[in-house]
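Subject: Structure handover

Hi,

Here is the structure for you to look through. My notes come after it.

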Amino acid sequence: MASSDEAPGRMPPGDGSVPPGKAMTVGQHIVDKGAQIMQSLKPIKKMSQHVCTFSIYSHDMTRQIETHHYVTRLNQDFLQSAVYDSDDSSARLIGVEYIVSERIFDTLPPEEQKLWHSHGYEITSGLWVNPGVPEMIQKPEIRDLAKTYGKFWCTWQVDRGDRLPLGAPALMTSPQVVNMGTVTPELVRKRDDKYNISSDELSKTRIDIAVPESTTRYADYWMLTGKGFAVDLQQTQMKSTAPFP
């Protein structure tokens, strides 16, 4: 069965496009435009932030990717985001991340906490940015987010060449200041050049942002054990539904 740390088998046939498929027809474009006018699309319109940062595969920390999170805040303690591989109109949806406050995170059992990562270093290092938003404006928000935790499932491993979302989802983790958690400088430079920013300079302006200090939490579990998590799919007996009376 599929595993998140194993490359998929043969890629789907086609011309090499990602994803494979023919170009949209005029009729399909018309249907889409009409639907945009007539439907509310309320969940989509609630997305209020675009965050660009970097993520690392929990099962293989040599693989680091730039990620774009389109965030919806449901309340003071919970956010959810659709994660894309770029901010282009043709960006591919590669996963989903849930974000909880420190208060909510502390209510989770240890086994659940191990699946989450902290955002403190990611923010104070200048890796987490809201493209196009002045630092003065985003500072209050990132000050709060520095004490949050995220659980990010990647469903499409485009960095290994997958032309479709294949195999099992992969658990992702956040950059950290230590060894394997350090993002490759070239990856950061490429992102910074695109948005005309400097992560190093941003980190200097964020030196006053506080991050959680508790050592009793299990987030960033790989830093305690040197081991990550992989998802292995296995067959299981389906539960039968109760017969109707």
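Below are the notes on cysteines, helices and a few single residues.

This is a predicted model, in which local features need pLDDT of at least 70, side-chain atom pairs count only at pLDDT 80 or more, and totals for chains, interfaces and linings use all residues. Residues are numbered from 1 along each chain as its sequence is written, and side-chain values use heavy atoms, with hydrogens and water left out.

Cysteines first. A disulfide is a covalent bond between the sulfur atoms of two cysteines. The rule here is a pair of cysteine sulfur atoms within 2.5 Å. By that rule the count is zero. Cys52 is in no disulfide, and the nearest cysteine sulfur, that of Cys154, is 15 Å away. Cys154 is in no disulfide either; its nearest cysteine sulfur is that of Cys52. Cys52 counts as buried because its relative accessibility is 0%. Cys154 is at 1%, so it counts as buried too. (Buried means under 20% relative accessible area, exposed over 50%, partly exposed in between, with a 1.4 Å probe and protein chains only.)

Next, helix H7, residues 185-195. Helices (H or I, at least four residues) and strands (E, at least two) are DSSP runs, numbered from the N terminus. The buried residues of H7 are Val188, Arg191, Asp192 and Tyr195. They cover an arc of only 100° around the axis, so they sit on the same side of H7. The arc is taken from the directions from the helix axis to the C-beta atoms. What covers these buried residues includes strand E1 (49-57), strand E2 (60-75) and helix H8 (199-205). After H7 comes Asn196, whose phi is positive, near 55°.

Leu202 is in helix H8. Leu202 has 14% relative accessibility, so it counts as buried. Leaving out residues up to four places away in sequence, Leu202 touches Gly126, Val129, Glu135 and Ile197. Contact means heavy atoms within 4.5 Å. Leu202 and Trp128 are 74 residues apart along the chain, yet their C-alpha atoms are separated by 9.5 Å.

Lys139 is in helix H6 (residues 135-145). Is Lys139 buried or exposed? It counts as buried, because its relative accessibility is 16%. Again leaving out residues up to four places away in sequence, Lys139 touches Thr205, Arg206, Asp208 and Ile209.

Last, Pro110 in helix H4 (residues 110-113). Pro110 is partly exposed, at a relative accessible area of 39%. Pro110 and Gln157 are 47 residues apart in sequence and 28 Å apart in space, C-alpha to C-alpha.

Best wishes
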